[in-house]
Amino acid sequence: MIEVLKSSSHFHEVVDRQDPALIVLFHRQRDPNSTQTRLAYQEIVETCCTLVTWATMEFDDWSRVVEEFKITSLPTAL
């Protein structure tokens with residue numbers, strides 16, 4: 001299951017849970033590269049282990065997180 005992160009505070013709540021592994025895909029809804037990457041990400045989530053927490057954040061929702069982690073391109077997985 002993919003958790004959709006809607007704000008920087010939600011992002012930090014998930015990080016603070018200290019799950020064994022967390023992968024967040026940062027993307028933009030109407031970006032063709034992001035669309036292809038999201039589809040591949042979904043396939044990976046469906047076939048991968050359950051020990052990983054999977055999440056996504058849409059570009060408009062994460063400007064503070066982008067600044068904090070110095071994300072410079074889309075899509076990006078962290």
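Me: Which residue in E3 does Ile 23 stand opposite?

Reply: In this predicted model, Ile 23 stands opposite Trp 54, a residue of E3. The two strands concerned, E2 (residues 21-27) and E3 (residues 52-58), run parallel to each other and are joined over 7 bridges.

Me: Why are E1 and E4 called edge strands?

Reply: The open sheet is built from 4 strands in the order E1-E3-E2-E4, with mixed pairing. Strand E1 (2-5) and strand E4 (76-77) each pair on one side only, and they are the edge strands. As for the helices, H1 (residues 8-16) packs on this sheet, where it touches E1, E2 and E3, and its direction makes about 140° with that of E1. Helix H2 (residues 32-47) lies across E1, E2 and E3 as well, running at about 155° to E2.

Me: What makes the set of 10 residues that includes Phe 11 and Met 57 a nonpolar core?

Reply: The name requires buried residues of nonpolar types, joined through side-chain atoms within 4.5 Å, and buried here means under 20% relative accessible area. The largest set that qualifies has 10 residues, including Leu 5, Phe 11, Phe 26, Met 57 and Val 65. H1, E2, E3 and helix H3 (63-69) each supply at least two residues of this core. Val 65 touches Ser 8, Phe 11, Phe 26 and Met 57, when residues up to four places away in sequence are not counted. Another core, of 5 residues, lies apart from the largest one, and among its members are Leu 25, Tyr 41, Val 52 and Trp 54.

Me: How do you know that Glu 3 and Arg 17 meet in a salt bridge?

Reply: The cut-off is 4 Å between the side-chain nitrogen and the carboxyl oxygen, and the N to O distance for Glu 3 and Arg 17 is 3.2 Å, so the pair qualifies. Because Glu 3 belongs to strand E1 and Arg 17 to the loop between H1 and E2, the pair ties together parts that are 14 residues apart in sequence.

Me: Why is Arg 17 called partly exposed?

Reply: Partly exposed covers what lies between under 20% (buried) and over 50% (exposed); the relative accessible area of Arg 17 is 43%, so Arg 17 belongs to that class. Asp 19, at 25%, also counts as partly exposed.

Me: What joins Glu 3, Arg 17 and Asp 19 into one network?

Reply: The side chains of Arg 17 and Asp 19 meet in a salt bridge at 3.1 Å, N to O, and salt bridges that share partners join Glu 3, Arg 17 and Asp 19 into one network.

Terms used:
Residues numbered from 1 in each chain as written. Predicted model: local features only at pLDDT ≥ 70, side-chain atom pairs only at ≥ 80, totals over all residues. Heavy atoms only, no water. Pairing = 2+ DSSP bridges. Contact = heavy atoms within 4.5 Å. Axes fitted to C-alpha atoms, helices over the stretch in contact; angles between N-to-C directions. Buried < 20%, exposed > 50% of the residue type's maximum accessible area, 1.4 Å probe, protein only.
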